[in-house]
Amino acid sequence: MTGRKTSVKRISLALQGGGAHGAFTWGVLDRILQDEEIEIAAVSGTSAGALNGAALKAGLLAGGREAARENLDWLWEQVGAIGDMRIANWLATVTPGSGTISRLMEYSLPFSFTEAASRMISPYAYGPFYRNPLERIVAQFHYDQVCHRSGPAFYVGATNVTTGKIQIFHGDKITTDAILASACLPTLFQAVETTNPETGEISAYWDGGYAANPALFPLFDPDLPKDIVIVHINPLDRPGVPVTAQDIQNRINEISFNSSLLRELQGLKMVKDLIASGQLERGSMKEILVHMIADDDMMRDLSVATKIVASPVILYRLKEAGRAAGDRFLQEIKPRLTRESTLDLDTLCYRTAQAG
């Protein structure tokens, strides 16, 4: 007697950037990869989302779901500069809460000095001594797999410094430089420059979060699933008015890195409203169903300090929070895939319109 065949649900993933907080996405992906009823058909990633997407795709092509999980483990062990994440697991049981660690890091002398220096000293001041610390990791990705036509479609977003527009890298255009460009915070890193081999034109790029965090529009392709799952790591809401210098800077960072995503979602809502009102013919545009995986309570305990400084303990806790959020997605949202959106665009976009 054969068991009943289960239906596989295809999704596209939109992976937000947020520095070391991208370890939350690591946990989400780790959990989703364990569910064989979910097929990842496409990934759009910015900054840390681009690193996660590259590790995910390379692993899937190299050896399937388990290889992808191992590749993501390798990535974040490298980011945390720790050879065995089990050490971070042990440390997490004997250290203070994440909020306490975040505040200690914010007020520590090394972080305060680094933050002040980043506002007064250009990364170009280092001359020949400048090195992008992510390059040693990103250069190790297997780009024959990352760029391969099979497996999930993969899109990397960066911001063109000259035009301010989003640049999407896809296929064989995804290189070490493309991923470094997507994660290039201009106060910390020199702009990543690429040369067009046909025209010789040089383009400079900064972090993709300024223009699209992440870009949703590549996932509107008719051949891709109508379900888009956003893995969101920058809190939309943070109660109270920030009054300290650190809190003000942290909230500016969160707002600026959410604004491009909110604009895209508002555009999507406008199209849905036009179809609902009959001003656009139903079926004239692809139906998009939007879902979000997030843990704002966890993220509100953290700050820009834990985004910049990759504490192994915080990385481990973010991974575990991501796995828990991924599990909630599988339990609560997976049954509703292909049928309805679970992200309330009306409430989200109303707030956006009011704020404007």
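Where is the place of Gln190? I found Gln190 in the loop between α8 (176-182) and β5 (192-195); helices (H or I, at least four residues) and strands (E, at least two) are DSSP runs, numbered from the N terminus.

Ground rules before going on: the model is predicted, so local features need pLDDT of at least 70 and side-chain atom pairs pLDDT 80 or more, while totals for chains, interfaces and linings use all residues. Residues are numbered from 1 along each chain as its sequence is written, and side-chain values use heavy atoms, without hydrogens or water.

I checked burial next. Gln190 has a relative accessible area of 17%, so it counts as buried (under 20%; exposed is over 50%, partly exposed in between; 1.4 Å probe, protein chains only). Beyond neighbours within four places in sequence, Gln190 is in contact (heavy atoms within 4.5 Å) with Pro123, Tyr124, Tyr130 and Cys184.

Then I looked at Tyr126. Tyr126 sits in the loop between α5 (109-120) and α6 (135-138) and is partly exposed at 45% relative accessibility.

Last, the cores (buried Ala, Val, Leu, Ile, Met, Phe, Trp, Tyr and Cys joined through side-chain atoms within 4.5 Å). The largest has 62 residues, and Leu13, Phe24, Phe141, Ile174 and Ile179 have the most contacts inside it. Helix α2 (residues 48-79) gives the most to this core, ten residues. Another core, of 20 residues, lies apart from it and includes Leu219 and Val290.
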